[in-house]
Amino acid sequence: MSDHAKGLLLTTLAILIITPDVLLIRLVSMDAWTLTFWRGLLSAIGLAIGLLAIHRGRFISVLLAVGGWGLVIGTLFGITTVTFVTAITTTTAANTLLIIATGSMFGALFSWLLLREPVLPRTWFAMAGTGIGVLVLVAADLGAGRLFGDLMALATAALAGLTFTLIRKHALVDMVPTVIFGGIVTAVIALPFSAPDEIAIEDTSILLVMGLLMLPLSFALQFIGPRYIPAPEVSLLVLLEAVLGPLLVWYWLGEHPGEWAFVGGAIVIATLALHAAWGLHQERKRAQVTN
């Protein structure tokens, strides 16, 4: 299998695995803070078990290899988990995932600020387009009691953009172990507000699947897959979750996102898809010239 095919497969699997996440969050009956605590702790344990099985005697050295910046990235990752769960429990699944989909635009902005990478004109236009789409989504929620959740989703997008920019800055270091640190940070933040011992029996299996299997596997693949494919292709694949996630919640729980969510969502998805497609076209043209 070529590196490109490997990247497509791993990244697609990562997105498909994480797509039911919003539905599972909706299905559990516990409060948001308790869910956040167990989500962080179990994902840390799940990934630690996986890395221990892979690296065995080198496990500790692999953890330490991420260095100080790994701890920073892990901390950001942990905070992002808190804002994400807060968003998904205080606004609609559609709004949450559509707003978070703008994370690639924040990534471009942080790459410009921190890595001194130029922002192409098409990316500035895409930022403006997604900004309009998010404004439509947020404006529709004014007076509906979901504005705080929308703002938490926007914070999640910004934090995700910053996190992945820092990962790119330290691309020579395997940053997968930072997910373990992130899970611990999430659990520590949530613990004072949670009731970890108050778990309904019917929620246990969902928590175990989510925390020990789904999240660690998806996050690890999201760190590995994009190394082998161009960023525009990654952006296109990420849109799968923004489309499929709300559809799952709508189908299973009947959570209709609302007419304006369709309008704002269409603007966000269309803008990001066109931006990624044009970027992929440019990548292929450069590859043909090089060859």
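Which residues does I180 touch, not counting residues up to four places away in sequence? I180 touches A44, L47, A48, L51 and L63, where contact means heavy atoms within 4.5 Å.

## Ground rules

This is a predicted model: local features need pLDDT of at least 70, side-chain atom pairs count only at pLDDT 80 or more, and totals for chains, interfaces and linings use all residues. Residues are numbered from 1 along each chain as its sequence is written, and side-chain values use heavy atoms, with hydrogens and water left out.

## The core

I180 also turns up in the largest nonpolar core, which has 66 residues. Together with L35, L47, F84, M210 and F223, I180 touches the most other members. A nonpolar core here is a set of buried Ala, Val, Leu, Ile, Met, Phe, Trp, Tyr and Cys residues joined through side-chain atoms within 4.5 Å; buried means under 20% relative accessible area (1.4 Å probe, protein chains only).

## α3 against α11

Helices are DSSP runs (H or I, at least four residues) numbered from the N terminus. The axes of α3 (residues 32-55) and α11 (residues 201-224) come within 8 Å and cross at roughly 60°, with axes being lines fitted to C-alpha atoms over the stretch in contact and angles running from 0 to 180 degrees between N-to-C directions.

## α6 against α12

Helix α6 (residues 93-100) is mostly covered, with eight of its eight residues buried. α6 packs on α12 (residues 231-253) at about 175°, axes 9 Å apart. That makes the two roughly antiparallel, a label for angles over 145 degrees. On the α6 side, A93, A94, L97 and L98 meet E241, A242, G245, P246 and V249 of α12.

How values were computed. Buried means under 20% relative accessible area, exposed over 50%, partly exposed in between (1.4 Å probe, protein chains only). Angles under 35 degrees count as roughly parallel, over 145 as roughly antiparallel, 65 to 115 as roughly perpendicular and the rest as oblique.
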